[in-house]
Amino acid sequence: MKLERDHGRQHEGRIQRTAVVHWSQQRAWHGDEVTLSVRTELVNDGAAAELKLRTPATAADLDTVSGKSIRAGQLDHKYKIAWKGKPWLDKREFVCLAAIDTKLISQPSPVLRVDLEPPLVSA
Amino acid sequence: MSSWFTSAMNAISRAFGSKDAGAPAEKCPLVDTGLLVLVGREDTLDVLKDCNVDVKGKSSLKKPTDGDGIALFKPVEPDTYTVNATLPSSLAQDFEDPPTGTETVPLGVCPIHILLASPLARPRIKLVWQETGKDEGKPFPGAGVKLSGASDYDYKETQSSGLAEWPADKRGLKPGPYSVRFTFKGDDAQEHEVVDLRSIPVPPACKETFVFHVSKPWIEFVVKDQFGDAVSGLDFRLNYPRDAKPPISRALPPPGEAVSAKGVAGTYTFSIKTVSKATWGADMVQLDQKITLAAAATGYDEGTKGTFEVYGATGLAGAALDTVNAEVRRDRLEAEWTPTESKLKDLRGGAVVFIAKVDKARAVSEARPVVSKGAFEVKQDGQPLDTRLVLHFAGGQQVAAVVSNGKAEPLVPFGESLLWLELPEHAAARAGLTLGASKQEFIQSLKE
């Protein structure tokens, strides 16, 4: 951010904080451990972070990871896909959003495809 | 004016006298040829006595004005006379001599010529602080004050009251518009600015106090994010106008406090040390083709070192696939990167992101798919075909290609396994490929 302003008054500058989330893989089995990587711009150290997992088509959260924080602009969280009893609504594609200090909400991550049943194997 | 004029006419009647001496046998016209000069104040029109009136023409005569402000010159020879009046010393401090006039005196006529003296002014100048709070309106002593206009005057300095007074023993100032100039002393002299500097209209007899306000130029900056919350902790740089002072470079103060500077008037440059807007130079990253990596980088010296770290989009938690060095030039960090098979050998998921870094600041790009040029040959009975091809990959991507003279070179997702090919115009020739099947095996399967 760069401003050129004349003396004699107070001036306000604006910065844009951002956050992005990526899965560590494109496809996983139920029970796998994946890593959710959050990368931010202009977020202070110690900012509270919450990860919300959901299907792209719905606003309801399948799962939420709370109590995390940003350090040096990033967060890498290992997450085990254990959704027995969770409302996965018969979907197979899932995204993650990061909420930083409750206000900054990232765009949804790329899709993670999760195989929620054992594979069918021919005889 | 009318009551003044009546009084003047009465005074003239008395001067001329009203005795009836009887009708002359023959009157000499020269007897009635004369010039009556009346001297008064321009503002109130009060008469002024003891002014030395001087008329010059065929006759040259002098006399003072009487208690009615009149000097009567009679008889005089008919002529055009210049008429001049000089004020007595008792009035000279407070009045300007009337301007010289001319009057034509015909034979047998005694015209009246009126001279008006303009009262001089004694304006006062006051300088006070403009700053709000406890210093607002406080007197500013020790400033030099000069007026320039119809005449010039140096008040010397404002006193402890902030006032520059007109000395009682000094002749007044000619009325008119005047520009005002202030000068300041001390090491911080140039930091003072009179914020309402202006020309002042000085009317006749003016004793008004003209107030001016002085301030030290100041500026403040606050930084907020897109939610309106104050930002702290980021490094900033503040450059003074014309580099009049060294720049200020440190971390933003806590929320609620502003970055402030004083003492120099002009345009300041304020920048937060940030890296943002990380962008790729194209919509996809092609193997062995150069692509530009760029980001905005403000608040840094020219030549400050930075880096671009390229990651797989699914590999942010791991090591970077490649790192490219760059330098900040004109608020921009930019470099060219050529993705090669060896650099991308650990790429999973077929997409890359990069992180632009300068010091502690960083910006993350969007993900871009990595593609490479595929090579396909399609023949039927040994003859090259012109047809269409659709490629299906393990990651779910589909790529359509035109086969021309048996060849197609579409851009295909890098690192993805080709699951099967589709030839829409040859439904009978549709074939499936097992993972890892080679091109040769596919061509063979088409024949079968």
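**Figure 1. Salt bridges across the interface of chain A and chain B.** In this predicted model, 4 salt bridges are found across the interface of chain A and chain B. One of them joins Lys103(A) to Asp229(B), with the closest N and O atoms 2.6 Å apart. That separation lies inside the 4 Å limit used for a salt bridge. Polar contacts between chain A and chain B, with both residues at pLDDT 80 or more, come to 27 residue pairs.

**Figure 2. The side of chain A that touches chain B.** The elements that give two or more residues to this side of chain A are β1 (2–6), β2 (10–15), β3 (18–23), β5 (33–41) and β8 (74–80). β2(A) gives the most, with 6 residues. By class, the side of chain A that touches chain B has 13 charged, 15 polar and 8 nonpolar residues. The contact as a whole takes 36 residues from chain A and 47 residues from chain B. About 3500 Å² is buried between the two chains, and carbon and sulfur atoms give 51% of that area.

**Figure 3. Strand pairing between chain A and chain B.** β1(A) pairs with strand β21 (residues 267–272) of chain B. The sense of this pairing is antiparallel, and 5 bridges make it up. Within the pair, Leu3(A) has Phe270(B) of β21(B) as its bridge partner. β1(A) is also among the elements that give two or more residues to the side of chain A that touches chain B.

**Figure 4. A salt bridge within chain A.** Over all chains, the structure holds 33 salt bridges. One of these is formed by Arg39(A) and Asp76(A), whose closest N and O atoms are 3.2 Å apart. The pair links distant parts of the chain, with Arg39(A) in strand β5 of chain A and Asp76(A) in strand β8 of chain A, 37 residues apart. Side chains of opposite charge can pair when their charged atoms come close.

**Figure 5. An aromatic pair in chain B.** A pair of aromatic rings is described by the distance of the centres and the angle of the planes. There are 13 aromatic pairs over all chains. Among them is the tilted pair of Tyr153(B) and Trp166(B), at 4.2 Å centre to centre and with 35° between the planes. Tyr153(B) belongs to strand β11 (residues 152–157) of chain B, while Trp166(B) sits in the loop between β12 (163–164) and β13 (176–183) of chain B. The two residues are 13 residues apart and link distant parts of the chain.

**Figure 6. Strand β2 of chain B and two of its partners.** Strand β2 (residues 52–56) of chain B runs antiparallel to strand β3 (residues 60–64) of chain B, joined by 5 bridges. A hairpin of 3 residues connects β2(B) to β3(B). In this pairing Val55(B) has Leu61(B) as its bridge partner. β2(B) is also joined by 5 bridges to strand β5 (residues 79–86) of chain B, again antiparallel. Here Asn52(B) stands opposite Thr86(B) of β5(B).

**Figure 7. An open sheet in chain B.** The sheet has 4 strands in the order β12-β9-β16-β14 (chain B), with mixed pairing. β12 and β14 (193–194) of chain B stand at the edges with a single partner strand each, so one side of each has no neighbour in the sheet. The pairing of β14(B) with strand β16 (residues 209–215) of chain B is antiparallel, over 2 bridges. Glu193(B) has Ser215(B) of β16(B) as its bridge partner.

Conventions
Residues numbered from 1 in each chain as written. Chains lettered and ligands numbered in written order. Predicted model: local features only at pLDDT ≥ 70, side-chain atom pairs only at ≥ 80, totals over all residues. Heavy atoms only, no water. Contact = heavy atoms within 4.5 Å. Buried area = accessible area lost by both parts, 1.4 Å probe. Salt bridge = Lys/Arg side-chain N within 4 Å of Asp/Glu carboxyl O. Polar contact = N/O pair within 3.5 Å; in protein donor to acceptor, adjacent residues only side chain to side chain. Nonpolar A, V, L, I, M, F, W, Y, C, P; charged D, E, K, R; others polar. Pairing = 2+ DSSP bridges. Phe/Tyr/Trp six-rings, centres within 6.5 Å; stacked < 30°, edge-to-face > 60°.
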